[in-house]
Amino acid sequence: MGLENLLLGFQIAITPYNLLVAVVGITLGTVIGVLPGLGGANGVAILLPLTFTMPPTSAIILLTSIYWGALFGGAITSILFNIPGEPWSVATTFDGYPMARQGQGGQALTAAFTSSFVGAFFSIVLITFFAPVLAEIALRFGPPEFFAIQLLTFSSFVGLGGGNPIKSLVSILLGFILASVGLDIVTGQLRLTFGFVDLMKGFDFIVAVIGLFGVGEILLSVEEGLRFRSERTGMNLRVVFETWRVLPRYARTFVRGAVIGFWMGFKPGGATPASFMSYAFTKRLSKHPERFGKGELEGVVAPETAAHAAGVAAMLPMITLGIPGSPTAAVMLGGLIIWGLQPGPMLFKDNPDFVWGLIASMYTGNIIGVLIVLAFVPLFAAILKIPFAILTPVIVVVCAIGSYAVHSSMIDIWYMLIFGVVGYVFKKLDYPLAPLVLALVLGDLAENALRQSLIMSQGSLAIFVTRPISGVITAAAVFFFVLPVLTPWWRRRRGLPQPSSHAA
Amino acid sequence: MRVADLVTASALLLLGGVVVYDAARLGIGWGTDGPKSGFFPFWLGVLLIVMCAAILVQAARSGAARPFVRRESIGPVLKVLWPAVATVVLMQWIGLYLASVLYTGFYMRWIGRHSWLAVVAVAVGFPLAAFFMFEKWFLVPMPKGPLEAWLGY
């Protein structure tokens, strides 16, 4: 039954219009991924208003293609410029940039793109088979289960995020608080508006994403002193084929990276730890660990495979449960609601053409993507040669256009600037931004699930632990929430040294 | 760094207080049809206050004297920020496109010291392209001012 549906999906994804949409999306996405201040999440957010008039399936294909493109674009800047556009590209710079400096940029780029493709493909195949099963299970979920999953989502930011757990929690709370501003649709009361008409509409997550990630990122990169010193791409067909001949040697690295990526990736915030884990494992198991960090091809393969497998896996909870696994998936989820679709397990029943069109387009999009980036790397790399004094105003104006387009309201451009400054300060002080955005998107859904659960139980919180499925999920969530407290205690008991980074 | 940490956490703590105050006004208990409007925000606010207090304690204890921004890098940041703010102010009167022309042109000339030819080409060309893309192609209207009105848009 799965294959039949997939075939239906391909019939939708392979129409000339949707293929064109994918090509445009990937090209735009790669440009967005290369440009400083524009990443996957805000690239998708800025272009979201343009999809309002498109058919939903084409719209989601455009947005996912931008996402794939941005993932590829991140690899280009990491290897050629030593600038990781996204946190999960950091591990790619370890060996990618040294390779480029030694004149092996072509090999590094080919390996990165191929690994991305392999990792993504692995996750897509798993999604194809797991998504319908997971959706089937999720159909039996009630409000307590959904609230428990929300808890699990946010607990994994606290437990696995790697930063300061208290600051992660503050980001989550702030996102929920911002989401509650405005009209409460259940009771019809105004919350946190204090009589200001402008606050009645609340804060739109698209504007928040553009400000936090777009404007904030520009301010950060200015402070760090923007100087792009590009290494030569050294890309041609011969290099591509030569690298491909070497790559099968790293079959195990590919499999390990893909499995780690998928496993970490369907949990929120998993892409970054996945890329580092894959890199660390590969280094430890390698016969030549001393070569890592100096330009080892395997050191590019490992993190890239894992990062892309994770990036794709983040789509799984979004389409089956309606819970996004990453900020970019969160923006897409917002898009789904705007296009009039109800995210969650009912999608598979109500809009099979949309879901399967989307899944099939993941296959076509990644194939088109790897071909486009392999062919046009020098062009994409040239974008960073555009002088900074031109890029800055252009990106700020594009961000302003994207913010205004959401509601045609001037106040949103002001919010964008404010969120930009907040993003800059938060990033410097180690408050993670991704959980804030996710909480802002999921705020209303989470609160409704909580309310309905409490109505079911006449106000008793016990409902989350007494129902079997939600009990298990809640227990897992609680475990992640206390993990940051547990780990130091465990280390002290075993007499292990405390990691110095958590001392603060 | 420490001062910035303390200031941010204090501001957020204050915000938590505002949230709790507003939630108390709305009612934090059980209404006729389930939890009242203030129920969820109230607990968010309470948790925020507790967490910010913890951050304040953490920050006060840490002795890290690394400055939040180095003196020489605050300049470039402000040089990006204030023209952007000025542009948004201008947008309300003269529209997004004309404001973009002035902003891009000014920034290119001031920071980049590009030739007047390049300045004019980019500063006019980019907003013009954006105009056709959004107003004509995608039909997403942007704020417009007297110039566009005079041209009949």
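Student: Which residues in helix 3 of chain A are buried, and what makes a residue count as buried?
Tutor: In this predicted model, Gly40(A), Ala41(A), Asn42(A), Gly43(A), Val44(A), Ala45(A), Ile46(A) and Leu47(A) are the buried residues of helix 3 of chain A. The term applies to a residue if 20 or more other C-beta atoms lie within 10 Å of its own. Helix 3, residues 40-47, is described as mostly covered because eight of its eight residues are buried by that criterion.

Student: Against what do the buried residues of helix 3 of chain A pack?
Tutor: They pack against helix 2 (16-34), helix 4, helix 9 (205-223), helix 15 (327-338) and helix 18 (388-407), which belong to chain A as well.

Student: Why is helix 9 of chain A called roughly antiparallel to helix 15 of chain A?
Tutor: The axes of these two helices come within 10 Å and cross at roughly 150°. Angles over 145 degrees count as roughly antiparallel, and helix 9 of chain A is therefore roughly antiparallel to helix 15 of chain A. Helix 9 passes helix 15 in a left-handed crossing, and the contact is made by Phe205(A), Ile206(A) and Val209(A) of helix 9 and by Pro327(A), Val331(A) and Gly334(A) of helix 15.

Student: With which residues is Val437(A) in contact, leaving aside its neighbours within four places in sequence?
Tutor: With that exclusion, Val437(A) is in contact with Gly175(A), Phe205(A), Ala208(A), Val209(A), Leu212(A), Pro327(A) and Ala330(A).

Student: How many residues does the contact between the chains take from chain B and from chain A, and which element gives the largest share of the side of chain B?
Tutor: The contact takes 52 residues from chain B and 47 residues from chain A. On the side of chain B that touches chain A, the elements giving two or more residues include helix 1 (2-26), helix 2 (39-61) and helix 3 (71-112) of chain B. Helix 3 of chain B supplies the largest share of that side, 18 residues.

Technical notes. Residues numbered from 1 in each chain as written. Chains lettered and ligands numbered in written order. Predicted model: local features only at pLDDT ≥ 70, side-chain atom pairs only at ≥ 80, totals over all residues. Contact = placed C-beta atoms within 7 Å. Buried ≥ 20, exposed ≤ 12 C-beta atoms within 10 Å, placed from the backbone. Helix = DSSP H or I, 4+ residues; strand = E, 2+ residues; numbered from the N terminus. Axes fitted to C-alpha atoms, helices over the stretch in contact; angles between N-to-C directions. Parallel < 35°, antiparallel > 145°, perpendicular 65-115°, else oblique. Left-handed = near helix turned anticlockwise from the far one by under 90°.
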